[in-house]
Every structure is written in structure tokens, then in C-alpha cells.
Amino acid sequence: MKVLIAEDEPISRLLTSEKLKSWGYNVIEVENGKEVIETIERQPDIQLCILDWEMPEIDGLELCSRLREIDRSGSFYIIILTSKHKASFMIEALDKGADDFISKPFVPEELRVRLQVGARILKKENQLIHAAESDPLTGILNRKAFLLELDKIWALTKRQKQPFAILMLDIDHFKQINDKFGHIAGDQVLKQFCELVQQQIRQYDCFARYGGEEFVLFLPDTDVDQCERIAERIRATTESNLFTYDGEHVSMTVSIGASIYYENYLSAQEMLKAADKAAYEAKQEGRNKVVLATLPF
Ligand SMILES: Nc1nc2c(ncn2[C@@H]2O[C@H](COP(=O)(O)OP(=O)(O)OP(=O)(O)O)[C@@H](O)[C@H]2O)c(=O)[nH]1
């Protein structure tokens, strides 16, 4: 697990860092508050932080407030490590958003067990966040989490003026698969479909289950040609793939509607609606098809 140590005094920073490394932590060292913010922006997986109270640029307490304001999925566990001893300082630190407070010079074993507490709390919290954001059957993002994510990416991508696309993927005649092979087989096929799609997308694409046999894919940095290529590849591999359940082969196809960002779209929801309408048209035109949404006026 990563631990960020922010300490302006080099010897003290080195001693704490060596201890943490001997306990198996992956340590990132910085020497002032500004570097804390920059490092966390670059490495969003940092959650456990040991902050000195008095530091140049931004002090440890101000950092507590700033880190609490960052809008991200995983939270922080912050330990203030300081030469201040009085109970009133500890109260002030916890009041400003620290999770724990240790006075220097510290007993190494005390820091070790307090870090353990932090790591335990973060692990539980991360499990709860994962459960709230993911679809229990397929493990991919659920609809609610996708819509929240979409609003964030929409704002960011528009600012960066990058093209992007949304695909709606609706499995064809899925009811017939359930009817023929049973509901458990249907579940297995849905999982295999998700794995198949995930093999064909990039790490920063956002794939989610929108509803029963309906999925949605957000593709940042994707123009019309790339979008058509990706959608067509997913359609073709779904058609040719042999989904299996209990030794039996299950064939299936998918209808895909796609919308490409265009400045007349006023919101992510509007683009989503256009992709959904295009998927409906793909169904109407015989299924197992990709249809691009017409651009809004
Ligand atoms: N096994 C399984 N089936 C599901 C799940 N969620 C939804 N379904 C089934 O998906 C089927 C969707 O049926 P319809 O909406 O008629 O759509 P379809 O049969 O795919 O037909 P078209 O979309 O028109 O091609 C229903 O039978 C649902 O019970 C799930 O989690 N597991």
C-alpha cells in the first residue's frame, strides 16, 4: 500500500520513510504542502498520508481541509505527525479533518499499529465504494456510477476540446437465450459478453451495465471513424464468439447505437439519448447492426 510522507526536515523524513519501508509500505516522500497536492493529482491511488503540521507553502492542517474537498471516489486517511504535544493541538488537528495525531518523537510500534488501523479502515471503505459503484453480476460499473462519471468526463472532455463517443449496446433477443438455456446460463453469457467487450477497449474507456441486457460505453478521444471501427469490432466479435454454458454453445448478437460529440449537444444525457435512439433504430433495421446517431441541429 502507498503512503505519502510530507515532512520538510530531511533526517526526520528519512527515518520515518525507512521504518515504513521495513513494514512493507510503498513510500512516497515530499517536502512541502504544495508537493502533496501535486503528487496526489498525479497519483490518485494514494490514500494514506502522514503529514507534518508545520511545513512550507501549505501546512498539514490546511492540507487536511484541502484533501477533504477533492472530489474522488476513494477517501484519505490522514495522520498528523508533529512535534506539538498538547491535547489542544490534537483536538484542533482532528477538528480540521485529520484522522489521527501522533507526537514526535514517536514510538515506532505506535506508528506501525496506527497505520494498520488506517489501512484497515481504507480497505473497508474501498470495499463499500466498490459495492456501491459496481454491478454485482458482471463486476463492471453500474448505471448510477456511470451517470456520475459521465457528467465529470463530459465537463473535462469539453474543456479539453477532445472528440468522444457514447455507444449503447443492446443484446439481441436475450429473452430467447434465457428461455432456451435458463436464467443462470443467461447470467453467464452476460458475464462473458462483458469480458469480451473489455478485451477490446482501452483502459481509460468507461464501460457500464445500463440495465438488464443493455450496456453503455464512453470512449474519450474518439472520432467518428474510430467510433465506427470500435463499434463494428464489438458487433462482429460478439457475432463470431462462442459463448458457453455448461458445455453448450450459445450464439448471440448485439445491436449498437453510437453518438459522437458535436457542439450542439447540450448535455451528456442528450448524447446518451441519441445513442439510445440509434440502438433502437439498429433493432428496427434487423438487429446485429451498428447505427450512428444523426447530429442535432
Ligand atoms: N439471465 C439474465 N437475464 C436478464 C438479466 N437482466 C435482464 N434479463 C432478461 O433480458 C430479457 C430482455 O428482454 P427484452 O427486453 O424483451 O429484449 P430482448 O429479448 O433482448 O429483445 P430485443 O432487445 O428486442 O432484441 C428479459 O427476458 C430479462 O429477463 C440478468 O441479469 N440475467
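Which exposed residues does the face of H10 turned away from its buried side carry? That face carries Glu270 and Gln284. Here a residue counts as buried if 20 or more other C-beta atoms lie within 10 Å of its own, as exposed if 12 or fewer do, and as partly exposed in between, with C-beta atoms placed from the backbone. The model is predicted: local features need pLDDT of at least 70, side-chain atom pairs count only at pLDDT 80 or more, and totals for chains, interfaces and linings use all residues. Residues are numbered from 1 along each chain as its sequence is written. Helices (H or I, at least four residues) and strands (E, at least two) are DSSP runs, numbered from the N terminus.

Residues 10-22 form H1, which has 13 residues and reaches 18 Å from its first C-alpha to its last, close to the 18 Å expected at 1.5 Å a residue. The expected span of a helix is 1.5 Å times one less than its number of residues. After H1 comes glycine 24, whose phi is positive, near 95°.

Isoleucine 46 is found in the loop between H2 and strand E3 (48-52). Isoleucine 46 is buried, because 20 other C-beta atoms lie within 10 Å. Leaving aside neighbours within four places in sequence, isoleucine 46 is in contact with Lys2, Leu4, Ile28, Thr39 and Ile40; two residues are in contact if their C-beta atoms, placed from the backbone, lie within 7 Å. Isoleucine 28 is 18 residues away along the chain, and its C-alpha atom is separated from that of isoleucine 46 by 9.1 Å.

Further along, the loop between strand E5 (100-103) and helix H5 (108-133) holds proline 105. The peptide bond from lysine 104 to proline 105 is cis, with omega near -5°.

The surroundings of the ligand come next. The ligand is surrounded by 16 residues, and the closest are Asp172, Phe174, Lys175, Gly186 and Gly212; a residue is near a molecule if its C-beta atom, placed from the backbone, lies within 6 Å of it. Strand E6 (164-171), helix H7 (174-181) and helix H8 (183-199) each supply at least two residues of this shell, and the largest share, 4 residues, comes from H8. The shell divides into 4 nonpolar, 5 polar and 7 charged residues. In this division Ala, Val, Leu, Ile, Met, Phe, Trp, Tyr, Cys and Pro count as nonpolar, Asp, Glu, Lys and Arg as charged, and the others, Gly among them, as polar.

Histidine 173 is partly exposed, because 15 other C-beta atoms lie within 10 Å. Aspartate 246 is exposed, because 10 other C-beta atoms lie within 10 Å.

Tyrosine 262 is in the loop between E11 and H10, and is 98 residues from phenylalanine 164 in sequence but 8.9 Å from it in space, C-alpha to C-alpha. Helix H10 (residues 268-284) has 17 residues and reaches 24 Å from its first C-alpha to its last, close to the 24 Å expected. Its buried residues are Ala268, Met271, Leu272, Ala274, Ala275, Ala278, Ala279 and Ala282. They cover an arc of only 160° around the axis, and therefore lie on the same side of H10. What covers them includes helix H6 (143-160), E6, strand E11 (254-260) and strand E12 (290-292). H10 is followed by glycine 286, whose phi is positive, near 115°.

Note on methods: The arc is that of the directions from the helix axis to the C-beta atoms.
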